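Student: I have just opened this structure and would like to get to know it. Could you walk me through it?
Tutor: Gladly; let's look together.

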Amino acid sequence: MPDTTPLATLSPADKSMDDIVALAKRRGFVYPASEIYGGLRGFWDYGPLGTALKNNIRDWWWKCMVECPPIGPDGQPVSIVGLDSAIIQNPKTWQHSGHVGGFNDPMVDDTETNQRFRADHLQGIFPLGANEERVRNTISTEVGGETTSSFSIGVPIPRATIIASSPEEAAGQLVSDKSLRKRLGIRFFELVEPFDEQIVVPCCRIDLGNGKIDACISPALVPLEQQPAEVPSPYTGKKNVLTEPREFNLMLDTFPGPIRDEDNKAYLRPETAQGIFLNFKNVLDTTRVKVPFGIAQIGKSFRNEVTPRNFIFRSREFEQMEMEFFCSPEDSQKWYEFWRDERFKWWLSLGIAEQNLVLRDHDSDELAHYSNACVDVEYQYPFTAPGFGELEGVAHRGCYDLSAHSKGDNNKDSNTKLDYFDQELQVRLQNEGVDKAEIKERSRYVPHVIEPASGLTRAVLVLLCEAFTPTPDRDGAKHILSFKPRFAPVKAGIFPLVNKDGMPEVAQKLYMHLRQKHAVEYDAKQSIGKRYARMDEIGTPFCFTIDGDTLENQTVTVRHRDTLAQERIHLDKVEAFLDEHIAG
């Protein structure tokens, strides 16, 4: 039996994002979009292996959500159907969904570098104790007809700033990115334990040229709003170069048809969810589904992100995997908890280590205006470690969306009421002897919605980060991608040991047979060691080598990517071997 000792597991903090990005480009997973023209910020192309990886994740999500959805709380399979809605919808869709008026981020310009960033993504390094600096605000008061001036201590001012979604992400960037530290003038940086049990943000010891000081990393939005001139630039470290925050709509617009004016403006969808809500009644009328049920969709979305960054983590064009689950108001909390737990288990099924995932409930001030509750599945990316970053959100959206698009709910543009008559609930209430008036009120309702929404392209990033494993002691590949076999772009390499003596013919015959069912590659070039190394780097879990013994006894060598173990199996058993190991 082969050695099954797993590879040494590394925490994301021990992995280099630069190395991951370099491997993704070198091996054809992800390229900068329109690279020959210098690229376009926030847009990426997926190469042959990246496309295969993305499709494998997509197909698994579709199988788990639509083709074979989970068993619900009642012991019965959940009912979910699929949809593929248009990227461009009637612009009234986005007016009534709230995106036109409320889908905004606060934007800030750096007047020296002409860079722009989201104000709420600015994290600051704030000195603690005696070293802390605060803006002194002049206060004028009138006493006895005379005006006097005095000073009050205002908001603390950061010594340096970093663009990141959270203090934890900023800390991760400062730990891993030497060029960032150099650009900000940071001569020394280390994370330390919080100096006080009341401090809930990352703490550090830092030297900006004036000796080491104790500091914490936390959002810099308040000082930026009150004293932008005093806040240092995240690009140069200079003061007096940042503008005040101003609102910026994230939707990308377009003009279908020949006339380009405001009356003909439409939008590229910023999410796939609204296409589902618009088709709620169509699905009810044309299928046999009934509440509770879900509608699932995978597709492209577009957001005009002010500061796309961290490789494909935050981009302007991305793919989403979303499902809107429609249920009665009375059962909505039960379904919210169900999908929270199911979605966490699904991410584990991709081969992600449980310690690299967390569930984080949104605080009340984080919730969207339509949301009753929301929880994020977060992953410990190399650029957020030791903290976590968003991977998927599971939101309790209440009845906001269907009400917003429904005729009669402050929407004179819609031609359709999007409520639901629950006949089964009516019968149950009648059997329980409930009053007729109450039955009438409770059995017709606007369904509540539970929304698990994740990024497919972000899932690609997570699997690249999770699978990336430095192998300095291994001959050949310095890094390998240890994908779970189901998601590996190439499932197996088929090699003749040498390109003669009848071995290529046997290897070709095996390849032609296996390719009908599995993604396999035939390779007869270079030494066997280099072929193994090439397969290791792209994440191929198995290699089958045809050698001299194959011609004598019809057995082949199976090499396991992670353990380097080798075993011999009969040629006729190769297909069954792959079937078993890929399905697991």
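Student: Which residues have the most contacts inside the largest nonpolar core?
Tutor: Those are I57 and W339, in a core of 64 residues. Helix α14 (residues 456-467) gives the most to this core, with nine residues. Apart from it lies another core, of 21 residues, with V289, L418, L425 and V434 among them. A word on the source: this is a predicted model, in which local features need pLDDT of at least 70 and side-chain atom pairs count only at pLDDT 80 or more, while totals for chains, interfaces and linings use all residues. Residues are numbered from 1 along each chain as its sequence is written, and side-chain values use heavy atoms, with hydrogens and water left out.

Student: What makes a set of residues a nonpolar core?
Tutor: The members are buried Ala, Val, Leu, Ile, Met, Phe, Trp, Tyr and Cys residues, joined through side-chain atoms within 4.5 Å. Helices (H or I, at least four residues) and strands (E, at least two) are DSSP runs, numbered from the N terminus.

Student: What does W339 touch?
Tutor: Leaving aside neighbours within four places in sequence, W339 is in contact (heavy atoms within 4.5 Å) with M65, P70, V78, I80, M323, F325, V394, I450 and P452.

Student: Why is D536 called buried?
Tutor: Buried means under 20% relative accessible area, exposed over 50%, and partly exposed in between (1.4 Å probe, protein chains only). D536 has 1% relative accessibility, so it counts as buried. D536 sits in helix α16 (residues 528-538). Its contacts, beyond neighbours within four places in sequence, are R474, A477, I480, L481, R559 and R561.

Student: How do you know which strands pair with β4?
Tutor: Two strands pair if DSSP finds at least two bridges between them. Four bridges join β4 to strand β13 (residues 246-249), and the two run antiparallel. P106 has E247 as its bridge partner in β13. Three bridges link β4 with strand β5 (residues 116-118), also in the antiparallel sense. There, D109 stands opposite R116. The hairpin of β4 and β5 has six residues between the strands, and in it N114 takes a positive phi near 65°.

Student: How many helices and strands does the protein chain have?
Tutor: The chain has 18 helices and 30 strands. Of its 584 residues, 50% are buried.
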